[in-house]
Amino acid sequence: MMKKFLKVGLVTSLLTTTLFAQDSIKIGFVGTLSGANAAWGTSNVRSMETSADIYNAKGGVEIAGKKYKVEIVPFDDAFDPKIAVAGMEKMAQEGIKYVVGPNDDAQAIAVKPIAEKNKIVYFPYAFDKSLYVKPANYAIFGMIASYQWEPSVYKWLKENKGVKTISFIAANAADPLNQRDNGIKIAEDLGLKILEAKATYKADTRDFYSVITPIIKKKPDLLVLSGVSPATAPLIIKTARELGFKGYMAAGTALDASILKEGAGDAANGFICQGGADASIQSEKMEKWVEYYTKKYGEYNDESNTKVFALEYILAVLKSNPKAINNADEFLKTVDSNWSAPNLFFKDKDAKLKFVGKTTFGQNRQLGVPLTPKVYENGEFKTLFVGSAD
């Protein structure tokens, strides 16, 4: 009798476990949570966990009349392609179909074969176009690329601030060098005179005087920090100002105001970088989201203005097509169907969540996030203008 009871109890336990698993939707993250670039991945995970908490506090996300708990599964790739591969393999082993990240070209390219083989839709914050152009299929770009952002910003600076000359500096790594080369082409097309195009530094550099001094002597109107990391940007900015540079500085990546304030102080005033769901366009829902995030972590990272979207897009598509919960191909069918849904993070009631990228990648493999260049002033960012990619 006892054996029978144990057997029945075991079966009941297994059924309960199975039902619980079916009631949860796991969304993975593979990206950088440690080292000099940790702010990139940390803002991703914190954004995802904030949204998951808000959904779960209401009983979960409702899909086809059923509530699912949202579970975030993070993995730190330590900004290392080999570790990123291990992370994506872990996601595949756990049957996770949707992964946010990685945060850099090298890692995103490294995990591509695993994602394609296991049909995992992943959302890199990496600029390499080969990730999103056919025959690639499963990567969806999570933000605005520098090569989409820079034409608008350079043109704005040329027309509004009289910028005529430009110099570039980049870390000696694939992603920053690629961003630099794209930036040079954009500057040339706009008729800007390029004074420096070859300046590079090692990724672990902390003393920039020898690198920056020759650039400053040429007196460019604009100094572009191509693909600069969150930890490095304040060092370059501060060094340039200490050497007497009075011009504009910009980067096509998203950065955090608190990091700039701590590392460069007033020297960062006038620095321009990528934005996202900036305060000027945020809805009441987004304002409450920022408030929850700040209370949960004790601070807010401005990069999360660009990172709030990925999880929301994933869940919105699953709501529209419940078959996609465990089927990435169904997800991509929706992506390719000119799908859209209300964007409740924006004040504009006509704003939509939609996939874009046909102009840049030949297919809709990019989140339709706003193009909002922002300028740092006295500890906070202000939006220059609002645009979009298509």
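Predicted model: local features only at pLDDT ≥ 70, side-chain atom pairs only at ≥ 80, totals over all residues.

Reply: Asn338 has a relative accessible area of 58%, and exposed means over 50%, so Asn338 is exposed. Asn338 belongs to the loop between α13 (328-335) and β11 (340-342). Its phi is positive, about 60°, although Asn338 is not a glycine.

Me: Why is Phe79 called partly exposed?

Reply: The relative accessibility of Phe79 is 30%. Buried would need under 20% and exposed over 50%; the value for Phe79 falls in between, so the label is partly exposed. Phe79 is in the loop between β3 (66-76) and α3 (81-93), and its phi, near 60°, is positive in a residue other than glycine.

Me: What makes the pair of Tyr293 and Tyr300 edge-to-face?

Reply: A pair of aromatic rings is described by two quantities, the distance of the centres and the angle of the planes. By the pairing rule, the count is 21 aromatic pairs. For Tyr293 and Tyr300 the centres are 4.7 Å apart, within the 6.5 Å limit, so the rings pair. Their planes stand at 70°, which is over 60, and therefore the pair is edge-to-face. Tyr293 and Tyr300 are both buried.

Me: Which residues do ring pairs link into a cluster?

Reply: The cluster consists of Tyr98, Phe123, Tyr313, Phe331, Trp339 and Phe355.

Me: How do you know that the charged end of Lys129 sits over the ring of Tyr147?

Reply: The distance from the charged end of Lys129 to the centre of the Tyr147 ring is 4.7 Å, and the limit is 6 Å, with a position within 35 degrees of the ring normal also required. Lys285 likewise has its charged end over a ring, that of Phe345, at 5.1 Å from the centre.

Me: Why is α2 called oblique to α12?

Reply: The axes of α2 (residues 38-57) and α12 (residues 309-320) cross at roughly 45° and come within 9 Å. Roughly parallel would need an angle under 35 degrees and roughly perpendicular 65 to 115, so α2 is oblique to α12. In the contact, Met48, Ser51, Ala52 and Tyr55 of α2 meet Leu311, Glu312, Leu315 and Lys319 of α12. These residues divide into five nonpolar, one polar and two charged.

Notes:
Residues numbered from 1 in each chain as written. Heavy atoms only, no water. Phe/Tyr/Trp six-rings, centres within 6.5 Å; stacked < 30°, edge-to-face > 60°. Buried < 20%, exposed > 50% of the residue type's maximum accessible area, 1.4 Å probe, protein only. Axes fitted to C-alpha atoms, helices over the stretch in contact; angles between N-to-C directions. Helix = DSSP H or I, 4+ residues; strand = E, 2+ residues; numbered from the N terminus. Parallel < 35°, antiparallel > 145°, perpendicular 65-115°, else oblique. Contact = heavy atoms within 4.5 Å. Nonpolar A, V, L, I, M, F, W, Y, C, P; charged D, E, K, R; others polar.
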